[in-house]
Amino acid sequence: MAEKEVNLEEEEGGTPKKGGKGKLIVLSLIGVLLLAGAAGGAWFFLMAEGEETEEVEAGPPERFYTSLDPMTVNIEAPGRIRYLRVELSLVTQDPEVDEAFEEHMPAIRNNILGILAEQQYEDLNTREGKEALADELKEAIREILGSRDAPEAVEAVLFNELVMQ
């Protein structure tokens, strides 16, 4: 009986088999690279998302608006009696000032009415006159709040309505 040598590394066609260990190493390296890429991508997106939320939180400060009831006063004008009707809003960024507006509203309205009654028709007929009036009202409100030991951070006085007849 003849002895036949069997080469286990050869396939039936006589060509040698490709190495099993080489394939294993290549597939392992591909797997490691894919995992590293996925981990890097996840880290990048998670870190970028955290930065965006911080920027959103650092947006402009919240503003508080307090609307006053409409006020009507007589103003001086040549020839005949004129009326001024004003509806105002007070603006602040401090909630304590907003509460102070409500608490001291009678005094605020009283002083505003006094200032409005002193106005001249010709002055209020210009944009500069209206802006000067808003600044004067803002300072008067700050004085009222300051004299009552309340925070006085009034940001602006806005005209919702200003009608002269």
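**Close-up views of a predicted model**

View 1. L133 counts as buried because its relative accessibility is 1%, where buried means under 20% relative accessible area, exposed over 50% and partly exposed in between, computed with a 1.4 Å probe and protein chains only. This is a predicted model, in which local features need pLDDT of at least 70 and side-chain atom pairs count only at pLDDT 80 or more, whereas totals for chains, interfaces and linings use all residues. Residues are numbered from 1 along each chain as its sequence is written, and side-chain values use heavy atoms, with hydrogens and water left out. L133 lies in helix α5; helices (H or I, at least four residues) and strands (E, at least two) are DSSP runs numbered from the N terminus. Leaving aside residues up to four places away in sequence, L133 touches I115, L116, Q119, L124 and F159, contact meaning heavy atoms within 4.5 Å. The C-alpha atoms of L133 and D123, which are ten residues apart along the chain, are separated by 9.2 Å.

**View 2. The crossing of helices α3 and α5.** The axes of α3 (residues 105-117) and α5 (residues 127-147) come within 10 Å and cross at roughly 145°; axes are lines fitted to C-alpha atoms, for helices over the stretch in contact, and angles run from 0 to 180 degrees between N-to-C directions. The contact is made by A107, I108, N111, I112, I115 and L116 on the α3 side, and by L133, E136, L137, A140, I141, I144 and L145 on the α5 side. By class, this contact has eleven nonpolar, one polar and one charged residues, with Ala, Val, Leu, Ile, Met, Phe, Trp, Tyr, Cys and Pro counted as nonpolar, Asp, Glu, Lys and Arg as charged, and the others, Gly among them, as polar.

**View 3. Strand β3 and its pairing partners.** Strand β3 (residues 82-92) is largely enclosed by the rest of the structure, because eight of its eleven residues are buried. Two strands pair if DSSP finds at least two bridges between them. Strand β1 (residues 64-67) pairs with β3 in the antiparallel sense over four bridges, and the bridge partner of F64 in β3 is T92. Nine bridges join β3 to strand β4 (residues 154-164), again with antiparallel strands, and here E87 stands opposite E161 of β4.

**View 4. The hairpin of β2 and β3.** Strand β2 (residues 71-75) runs antiparallel to β3 and is joined to it by five bridges, with Y83 of β3 as the bridge partner of N74. Six residues lie between the two strands of this hairpin, and G79 in the turn has a positive phi of about 95°.
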